[in-house]
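Work through the exercises below with the model open. Try each task before reading its solution.

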Amino acid sequence: MVEFSHIQEGRVHMVDIGEKSEVKRMATARGRIFLRDSTLQAIREGAVVKGNVLATARVAATLAVKDTPRLIPMCHSIPISSINVDFSEDAGCIEAKVMVTSVGKTGVEMEALTGVSVALLTIWDMVKSAEKDEYGQYPCTRISEIEVIEKRKG
């Protein structure tokens, strides 16, 4: 592992996009949360104590997309045209997919990634009581494979 303690705080800045032209932009990101089979069943049956897990995660993802410039310091505030949040179940996990579109001067991949991340964290929060073991740990629960799967411009 490389240590970065020797690097002093340097100048940071937001990239100037003033001269770029506005074009339609789209990005789709996805990620997975691995859960116990019993937790996945409870989500399917609507039996989670905190309520509707996927509806809550969908709203959280939408809010996160809108708040990305507030959360990620060098992201530009951009107009969001649409947000689409989908969930699917695979072997032992739920996959979240967030597609964001905009007409603007910069891409929307950070917004899509932020939406996916917050959706997955919201799922974890909603089901954590079912996922803990007798020691209060999460031996089966993990978030992984967060990535941009598509990006388009123009």
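**Exercise 1: a threonine in a helix**

Thr 122 has a relative accessibility of 14%, so it counts as buried, the cut-off being under 20%. The model is predicted.

Task: find which helix holds Thr 122, and what its side chain reaches.

Solution. 
1. Thr 122 sits in helix H3.
2. Its side chain reaches the backbone oxygen of Val 118, at 2.8 Å.
3. Leave out residues up to four places away in sequence; Thr 122 then touches Thr 56, Ala 57 and Ala 60.

**Exercise 2: the helix itself**

Task: compare the span of H3 with the expected value, then locate its bend.

Solution. 
1. H3 covers residues 109-131, which is 23 residues.
2. From first C-alpha to last, H3 reaches 30 Å.
3. At 1.5 Å a residue, 33 Å is expected, and the span of H3 is close to that.
4. H3 bends by about 40° at Asp 125.

**Exercise 3: cysteines**

Task: count the disulfides, and decide whether Cys 93 is buried or exposed.

Solution. 
1. A disulfide needs two cysteine sulfur atoms within 2.5 Å.
2. By this rule the count is zero.
3. For Cys 93, the nearest cysteine sulfur is that of Cys 140, 13 Å away, and Cys 93 is in no disulfide.
4. Cys 93 has a relative accessible area of 0%, so it is buried.
5. Cys 75 is also buried, at 11% relative accessibility.

**Exercise 4: a backbone angle**

Solution. 
1. Most residues other than glycine have a negative phi.
2. Glu 145 lies in strand E4, residues 142-153.
3. Its relative accessible area is 43%, so Glu 145 is partly exposed.

Notes. Residues are numbered from 1 along each chain as its sequence is written. This is a predicted model: local features need pLDDT of at least 70, side-chain atom pairs count only at pLDDT 80 or more; totals for chains, interfaces and linings use all residues. Side-chain values use heavy atoms; hydrogens and water are left out. Buried means under 20% relative accessible area, exposed over 50%, partly exposed in between (1.4 Å probe, protein chains only). Helices (H or I, at least four residues) and strands (E, at least two) are DSSP runs, numbered from the N terminus. The expected span of a helix is 1.5 Å times one less than its number of residues. The bend at a residue is the angle between axes fitted to the seven residues ending there and the seven starting there. A polar contact is a pair of N or O atoms within 3.5 Å; within protein, one must be able to donate a hydrogen and the other to accept it, and residues adjacent in sequence count only if both atoms are side-chain atoms. Contact means heavy atoms within 4.5 Å.
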